[in-house]
Amino acid sequence: MSGRLPLLLGIAIKHLSRRRRQTLVAVSGVAVGVGFFLAVSAMMIGSQNDFISRLIDAAPHIIISDELRSPPPQPGVRAFPGGAVALHGYKVRNEVRGLKDWPAILAAADALPGAIASPSLTGGVTLRLGGHEEAIGIVGIDPEIEKRISTIETNLRMGRLHDLETVQGGIIIGEELARRLGIGMGDVVSATAASGATRTLRIVGLFKRGQSQLASSSGYVLLREAQSMLGRPFIINRIGIRVADPYMAQTVATGLEARFGYKAESWQERSSDLLSLIVVRDVIMYSVVSAILLVASFGIYTVVSNSVSDKRRDIAIMRSIGFSQADLQLIFIAQGIILSVIGVLLGWLLGTGLMAILGSLDFPIAGEHQTIPLDHGARQYAIAAGASLLAGVVAAWLPARKAARVDPVEILRGAA
Amino acid sequence: MTALLEGRQLARSLPGTPPIVLVAEATLAIEPGTFTTIVGPSGCGKSSLLYLLGLIDHPTGGTLLLDGEDVGALDGDARARLRLERFGFVFQFHFLLPEFTAFENVMLPIRRLGRLDDAAARTRALQLLAAQGLEGKEDETPDRLSGGERQRVAIARALANDPALILGDEPTGNLDSHNSARVVETFKALAHEQGRAVVCVTHDLGIAAASDVRISMLDGRIVAVEHSPRHD
């Protein structure tokens, strides 16, 4: 048995086929809107994903440091919690900085599924060469573990992380710092710690320029070298952790902080200002794209509205032979949907083509040739289709409602 | 004979000060197997009465009974359904959908009603067109048909769902005498041979003379109802 919907759809197609030029303009409007939405969102999301992955990978997902978010309770408070007498002005005992019982923290972090924890010690030294001095922060690491939790190995212009172990007093610094000091690979430089201890360090690696995470005023040395130089044997003040799911870092960090008391900072917390910037960027992108789709929906409105005006007589005929108001409304809404669907399909093709062109472009950035990071996710295709269909239905609904309200008597009497 | 369609004190007026009266106190009965014409001068309310009888327009007063059921107060969907199932309309200007072929125009009400499967619907549409002498014209759009052919397609479409009532609004008003006579013969056959009720608004006194019942109107009121000897 013939269905009602195929019949109404057939009538809608017939109506559109009689208005080819307007139909083409409306479909083109939707297609251009969808195509540019896909291209723009592919660039925006692609660059955003690239940015976030750099943000995530440049440093450990979680950094546990020997800081506390609030001062520890004094022994008196611990002994008598909620006591009636409060003590003030007592002398606080000086404690040695560093993570206490760090092997337990390390073991707990390593015990998390898929997690790797790397201990390190940070401190300040002054590099001297001739009359030139540079105060830098050094990070003492275990190269074999550290290269598994961060991307510092891949960001080396020259040398390898492993060379820290094979070269006595080896240090890796950034290209910019090396240029300021006028030194290069294999050169030696004198380093003095705050305690007055002095070492001679040899450059075994150089970080690429532009790596903001590996700041131009920091250097990597072997962990035991740092402990010796800073006069803090067997002490570490930082544990870097890489977790299996970077987006779970905040949850894991909260758990570790609650358990051990030390500040555990996730990459999300460290980059909260940048992440909020991404939200603003998303809002801007979707606002612009919504405006494009809104303009495209005007085309659909025009076609359907003109169709309703031109077909008033046909509407009256159909009403007289037994088509209901809902039938008429559906015929004209179907026109909006048909225009949207064709527009979306063409827009998908256009968008895919634009993405292919954008993906083939090559840009020299920081001395390297890079392509635009693009996101080819199906989600954007679905959003474009959903938004266009919605716009099409809404744009067609207003004139369709008008069509359903056409008084057949008025038309029939006028024609008679 | 039991009336198929009965109007009691039917009224239709448009709002205004004073209200514009289109139809007033129209009481009439339409019986199956009869060919009824509504005659009168232009603007006397003939078409308005026809639209009330055909459930296209709502009465502002009175009662309309179809098979004894009050249909005057039905909602839009129920009225549309009744028009689809029980009524067939033929208008002066054929009123075919221009994008559709003759065959597709006849198929529209059949497919909308949805009682027949595709094959049966196609067969019925082709039979109706053939009965109107339109073999070979099935795939022509209205702009490629003559006035008489278009009106015959409109009659075929009016009969698509085998209605009990055929309503015509000046169906011969735009036809030459030959085609006009053919339409009248068709209407008479539909009434007398197939037992349908045919109601036709006309200015043509020849058609009125050929009908079984003539309803004369003046200023929105029925002023006379005449029955031909055959009907008696």
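1. Let's start where the two chains meet. The contact draws 28 residues from chain B and 21 residues from chain A, and two residues are in contact if their C-beta atoms, placed from the backbone, lie within 7 Å. Helix 2 of chain B gives the most to the side that touches chain A, with six residues. That side of chain B divides into 13 nonpolar, four polar and 11 charged residues (Ala, Val, Leu, Ile, Met, Phe, Trp, Tyr, Cys and Pro count as nonpolar, Asp, Glu, Lys and Arg as charged, and the others, Gly among them, as polar).

2. A quick caution: this is a predicted model, where local features need pLDDT of at least 70, side-chain atom pairs count only at pLDDT 80 or more, and totals for chains, interfaces and linings use all residues. Residues are numbered from 1 along each chain as its sequence is written, while chains are lettered from A and ligands numbered from 1 in the order in which they are written.

3. Now look at strand 6 (87-91) of chain B; strands are DSSP runs of E, at least two residues, and helices are runs of H or I, at least four, numbered from the N terminus. Five of the five residues of strand 6 of chain B are buried, meaning 20 or more other C-beta atoms (placed from the backbone) lie within 10 Å of a residue's own. B:Phe87, B:Phe89 and B:Phe91 sit on one side, B:Gly88 and B:Val90 on the other.

4. Chain A has 15 helices and 12 strands. Buried residues make up 39% of its 416 residues.

Definitions and conventions: A residue is buried if 20 or more other C-beta atoms lie within 10 Å of its own, exposed if 12 or fewer, and partly exposed in between; C-beta atoms are placed from the backbone.
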